[in-house]
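Visitor: I'd like to know how the labels on a structure get decided. Could you take me through some of them?

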Amino acid sequence: SLPSTTQATTTVTHLSFNPLDYVVFFTMLGLSALIGIYYGFFSKQKQNTTAEYLLGSKKMKIFPVAMSLTATHISAVTLMGVPAEMYKYGTQYWACAISGFIITLFMVYIYLPVFHELKLTSCYTYLEKRFDKRTRNLASGLFVISCILTTPVIVYAPAIAFSQVSGISVHMITPIICSICIFYTMFGGIRAVVWTDTLQFGAMCVALVVVMILGTLQLGGVVNVFEIAEQGGRLIWFDMNPDPYIRTSFWLVSIGLTTMWISAIGVSPEVVQRFLTIPKLGDAKKAVWIFGIGHIIIKLLSVYNGLLIFGHYKDCDPVYTGEVAKHDQIFPYYVMDVARKIPGLPGLFVIGVFSAALSTMSSNMNTLSGTIYVDFIKPNFNCSDRTGSTIMKCLVFAIGIVCLALVFVVEKLGNIFSIGISMCGVTAGTLLGLFSLGMFSPKINSKAAYWSSIISLVILCVIAVGAQLNVADHSLQYETLPFKIDGCENFNSSGTDKRPFYIESEGHDNSKVPWIFRIGFMYYSVLGIIITLILGVVINIMTGGNPEPIDENLLTPIARKYYRAVKTIDVFEMKFNNDFDDDKEMKPLNQNVNIKCNFDDINILIQWFHFFVIIEII
């Protein structure tokens, strides 16, 4: 555990912004606001119709859409949480690159073609076409809950970064972030969101690259960075431990993040909405590949930044000295420490972190407003396009206020990395299972889809809430890798520090926590999809399945050829049954009855075959 002598025996050095850093920081925020003003009040494309506000009239270009998506999914949790995670627990998170490649394939070949061919404003409209309105409303509600839970985590991350470098309270800076984001999202619509994301993504990349170059040079080159990490036990490539109760392993990262990201990218309204702004499917697929590559690169760079932090503080942990309140703040402190001799660079980095948060928050608010309007308001009220656009702007404002209020709840929970993945994982697996049931199997009926999703969501909510309650009261903790402190000034000046290192939560026993709450948080989405798929097939068999043929465009291209074969069997069976009913003299009777029973058996076998096909594909 952290030695109790931390602040009494060390000299605390506080690093903060200089005037130029503040100029850079507020200039970028001002540019974001100006983009919203331009598209809201001066652009030829006014944001006064729902099609323009949500989809940019489907005339957006490949590159800005791809950059917008990359910026949206590279949140401040990635820029700050991932390096801190590497510093504390090692580099096993690198396996996220495998997940990134897999989700790109899933998006290009399975999910995107369905949404783009149907040309839906909301991807949840698909669920109404495939199942019923009740299932669509359930999925929309899950998405609303997910965004409202995760957005405060995303906003909180840059707030603590700015607090670290400026000394300004998180409670003061958070309303400023939210206000600017609410403003340009309200008035600029999807065009402002996409172009602001592109601008902010550029700032984020510049900040990351410059910091990496400085940090690498300071440690003597890339080879030295990895050698220092190896000596400190931070290089963990393939931890194949199958234990589901540990914090991280190759399986937890590669499997857990794959299912979560397929849901967050493949069947997410904010992503589908972006790709539908591109008129041609081929161009949309190109945007997916650009996004997928950019997503993987930024994630791996964040892992490398964790190694840079460890190399810089390998002999003296700044949390031990009191220079940093908690490890979530260590990356902005590192940037201030390394780049303080270059005026404006710390400001550029912090605005990069802010940019990541702003892009994610603006995308969430824009998509949430569209989802709530299209799925809950428009079906019940007769609104003109102009009125609908106004309603969505009001929804953006209300959503922003709710997220702002929840930020003050997030700061009472655990570290931002685990909270972000846990919150997303609660609904991600359930939603992915729901869409997969619809796209892979024409036999699944609406009752099976609806109730399997409800049960899955309830189970995961219980697990996640129980786990967070145990984290909050320190019953559930994970042992970190060692942090050296013998290089700190005045180390052991009181004579009480017996070791040259310390380990957080050392020797902590989680066995007293119920097993279900100890399941690794990266597995939440895996549990969600497994529960939804299995219960979906079982409930479908119990309720008789779906006897009616469906539009094959509702199926993913991979499943359409299979469906045509199954549909042929169904047509033959229906024709046979009709002939049997018309011909009462058919002999022998027992043979006919046996044939009819055989077709019932075939139906049951087809249901189970659907299940195994879905599991195999997933």
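Guide: Let's start with burial: buried means under 20% relative accessible area, exposed means over 50%, and partly exposed is in between (1.4 Å probe, protein chains only). By that rule Arg247 is buried, and so is Glu85. One caution: this is a predicted model, where local features need pLDDT of at least 70, side-chain atom pairs count only at pLDDT 80 or more, and totals for chains, interfaces and linings use all residues. Residues are numbered from 1 along each chain as its sequence is written, and side-chain values use heavy atoms, with hydrogens and water left out.

Visitor: What makes Arg247 and Glu85 a salt bridge?

Guide: A salt bridge needs a side-chain nitrogen of Lys or Arg within 4 Å of a carboxyl oxygen of Asp or Glu. Arg247 and Glu85 have N to O at 2.8 Å, so the pair qualifies. Arg247 sits in the loop between α9 and α10 and Glu85 in helix α4 (residues 76–89), so parts 162 residues apart in sequence are tied together. Helices here are DSSP runs (H or I, at least four residues), as are strands (E, at least two), numbered from the N terminus.

Visitor: How many salt bridges does the structure hold?

Guide: There are 9 salt bridges. Among them is Glu504 with Lys88, whose closest N and O atoms are 3.6 Å apart. That pair links Glu504, in the loop between β2 and α19 (524–542), to Lys88 in helix α4, 416 residues apart. Both Glu504 and Lys88 are buried.

Visitor: Now the rings. Why is the pair of Phe226 and Tyr304 called tilted?

Guide: Rings of Phe, Tyr and Trp (its six-membered ring) pair if their centres lie within 6.5 Å; planes under 30 degrees apart count as stacked, over 60 as edge-to-face and the rest as tilted. The centres of Phe226 and Tyr304 are 6.1 Å apart and their planes are at 40°, so the pair is tilted. Phe226 is in helix α9 and Tyr304 in helix α12 (residues 281–312), 78 residues apart. At 28% relative accessibility, Phe226 counts as partly exposed, while Tyr304, at 10%, counts as buried.

Visitor: Which residues form one aromatic cluster?

Guide: That cluster is made of Tyr87, Phe310, Tyr320, Phe483 and Tyr502.

Visitor: What makes Arg134 count as lying over the face of Tyr450?

Guide: The rule asks for NZ of Lys or CZ of Arg within 6 Å of the ring centre and within 35 degrees of the ring normal. Arg134 lies over the face of Tyr450, at 3.9 Å from the ring centre. Arg518 lies over the face of Tyr245, at 4.7 Å from the ring centre.
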